[in-house]
Amino acid sequence: MNLEAFLAEWHNGSPTVLVHTSGSTGEPKPMWVEKRRMEASARMTCDFLGLHEGDTALLCMSLDYIAGKMMVVRSLVRGLRLITVEPSGRPLAGVAGQLDFAAMVPMQVWNSLQVAEERERLMTIGNLIIGGGAIDDRLAHELAGFPNRVWSTYGMTETLSHIALRRLSGPGATEWYTPLPGVGLSLTVDSCLVIDAPAVHDGRLVTNDIAEMAPDGRFKILGRKDNVICSGGLKIQAEEVERLLRAHLREPFIITKRRDEKFGEVVVLLTESDVDTARDVCQRVLPKYWQPRDYVHTDQVPMTETGKPARKQAEQLVQNPSR
């Protein structure tokens, strides 16, 4: 979808807009969402970031998904001056002039950091929000010293983009997300995050995200419930294993699982690197009970269109691997 088509849909008189989920845990699903709730979400973000009429915003994400659509809605609601570029891995390559606000996925930010001119431009964006994927330790380290305000977002299609942000840059950098005003949070008995945000979602939303909450209402995400690997009576969080490995494995990889008669499930590393090298790293870095039982090479680790690991596809690839 292009900007003209989305604006036509926005102004067509219907109270709803069609969006699709990212597909990180399965096939993308269509959803009809209310425009008034999208407007409420836009106001929450603009107020939190202190955006004003006439500020310049960059649209560099696909309008097929909620993140791109919400950049347009924020511009409409707050009167921002919207600059558009084709979605790509290097969104700042042809952009000139001051940017007060931009939203990117981690891959776009990482690629921009590799080019001196684009890195400098990244550092001048007033508010840069990053979503659609995990912020690994290397990327967080690169951004920690930035003079501008850089944020990691937490949210999903169901919440019409993010409902919380955490600062990545400057002295306020933290691992903890701060919910936007009007957002209530709690945990289930399984420590899954529950969102109560009536302005953007009808009813309480029980997520599959395992979280830890601080007394002041902030939270951090430990991983997804459906990414827990139950192996021999132990519960292993795939994302926690990946965090330990990211600093040591340069090639793309995913921690996934395979059914096993003895253990129920076993940890499997799907990687684009040499499996012997990956095995040496895992044996050196990981606790013994987190170490993969198997290592599978692939030419390309599966990813969704929005840059997230395609975990269901990865799991399917390791069930009957062809070595």
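Student: What does the accessible surface of the protein come to, and what share of it belongs to carbon and sulfur atoms?

Tutor: The model is a predicted one. The accessible surface of the protein is about 15,700 Å², and carbon and sulfur atoms account for 49% of that area.

Student: How many helices and strands are there in the protein?

Tutor: The protein contains nine helices and 18 strands. Its radius of gyration is 20 Å, close to the 20 Å that the globule rule gives for 323 residues, so the protein is as compact as a globular protein of that length. The C-alpha trace spans about 60 × 45 × 40 Å along its principal axes.

Student: What percentage of the residues in the protein are buried?

Tutor: A residue is called buried when its relative accessible area is under 20%. Of the 323 residues in the protein, 47% are buried. Contacts in the sequence can also be considered: among those between residues at least 6 apart, 57% join residues at least 24 apart.

Student: In what order do the seven strands of the open sheet stand?

Tutor: The order is 4-3-5-6-7-8-9, and the pairing is mixed. Strand 4 (81–84) and strand 9 (178–179) stand at the edges with a single partner strand each, so one side of each has no neighbour in the sheet.

Student: How many bridges join strand 7 to strand 8?

Tutor: Strand 7 (residues 149–156) and strand 8 (residues 161–167) run antiparallel and are joined by six bridges. In this pairing, Trp 151 stands opposite Arg 167 in strand 8.

Student: What is the phi of Ser 161?

Tutor: Ser 161, found in strand 8, has a positive phi near 80 degrees and is likewise a residue other than glycine. Ser 161 is buried, its relative accessible area being 12%.

Student: Which residue in the turn between strand 14 and strand 15 has a positive phi?

Tutor: That residue is Gly 232, with a phi of about 60 degrees; the two strands form a hairpin with two residues between them. Strand 14 (residues 228–231) and strand 15 (residues 234–237) pair in the antiparallel sense over four bridges. Ser 231 stands opposite Leu 234 in strand 15.

Technical notes: Residues are numbered from 1 along each chain as its sequence is written. This is a predicted model: local features need pLDDT of at least 70, side-chain atom pairs count only at pLDDT 80 or more; totals for chains, interfaces and linings use all residues. Side-chain values use heavy atoms; hydrogens and water are left out. The radius of gyration is taken over C-alpha atoms; the globule rule is 2.2 Å times the number of residues to the power 0.38. Buried means under 20% relative accessible area, exposed over 50%, partly exposed in between (1.4 Å probe, protein chains only). Contact means heavy atoms within 4.5 Å. Accessible areas come from the Shrake-Rupley method with a 1.4 Å probe; for residues, only the protein chains shown count as cover. Two strands pair if DSSP finds at least two bridges between them.
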